[in-house]
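Hi everyone, thanks for coming along. Let me put the sequence and the model on the screen, and then we'll walk through it together.

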Amino acid sequence: MSAQSTPSMPTTARPAYACTIHKSQGSEYPAVVIPLLTQHYAMLQRNLVYTGLTRGKQLVVLVGQKKALAMAVKNHLGRRRYTKLAEWLLPADAITGAASFLPASL
């Protein structure tokens with residue numbers, strides 16, 4: 001897909017791409033725009049804002065509400081992940097007789 005200019009669109013317009021903060025981990029971009037809205041309170045986490053901020057090489061723009069940024073900065077706990085990983089691995093462990101490498105808390 002290529003960008004085409006029209007009479008109402010400036011000729012300097014270029015296509016832009018978006019990705020999630022999760023997918024951007026380990027990458028850098030010339031410019032990053034991070035939307036912060038209280039409606040997305042489940043995603044307002046300090047580690048996600050930090051990751052987003054550190055992806056921008058030259059420019060980082062926060063767009064949204066100051067309250068949402070404050071909520072994200074205060075939220076350093078993260079969420080507990082409920083997965084079936086231990087359940088999936090333990091039966092295979094019992095079959096092969098290998099020692100379990102999973103902590104008892106899982």
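A word on terms before we start: helices (H or I, at least four residues) and strands (E, at least two) are DSSP runs, numbered from the N terminus. What you see is a predicted model, so local features need pLDDT of at least 70 and side-chain atom pairs count only at pLDDT 80 or more, while totals for chains, interfaces and linings use all residues. Residues are numbered from 1 along each chain as its sequence is written, and side-chain values use heavy atoms, with hydrogens and water left out.

Now the overall layout. The protein has four helices and two strands, and along the sequence they follow the pattern α-β-α-β-α-α. Strand 1 and strand 2, residues 56-64, run parallel and are joined by seven bridges; for strands to pair, DSSP has to find at least two bridges between them. If you want a place to look, Tyr29 stands opposite Gly56 in strand 2. Together with helix 2, residues 46-53, the two strands form a right-handed β-α-β unit. Right-handed here means that, with the strands pointing away from the viewer, the path from the first strand over the helix to the second runs clockwise.

Next, the interior. I'll call a residue buried under 20% relative accessible area, exposed over 50%, and partly exposed in between (1.4 Å probe, protein chains only). On that scale, 15% of the 106 residues are buried. A nonpolar core is a set of buried Ala, Val, Leu, Ile, Met, Phe, Trp, Tyr and Cys residues joined through side-chain atoms within 4.5 Å. Which residues make up the largest one? There are seven: Val32, Ile34, Leu36, Leu44, Val49, Ala68 and Ala72. Strand 1 (29-36) and helix 3 (66-74) each give two or more residues to this core, and strand 1 gives the most, with three. As background, nonpolar side chains tend to be buried together in soluble globular proteins.

Let's zoom in on Ala72. Taking contact as heavy atoms within 4.5 Å, and not counting residues up to four places away in sequence, Ala72 touches Leu44, Gln45, Arg46 and Val49.

Over to strand 2, where we find Val60. Val60 counts as partly exposed because its relative accessibility is 29%. Leaving out residues up to four places away in sequence, Val60 touches Val32, Ile34 and Leu53. Val60 and Val33 are 27 residues apart in sequence, yet 5.9 Å apart in space, C-alpha to C-alpha.

Two last stops. Lys67, in helix 3, is exposed because its relative accessibility is 60%; its C-alpha is separated by 7.2 Å from that of Thr38, 29 residues away along the chain. Ser24, in helix 1 (residues 21-24), is buried because its relative accessible area is 4%. Neighbours within four places aside, Ser24 is in contact with Cys19, Tyr29 and Arg55.
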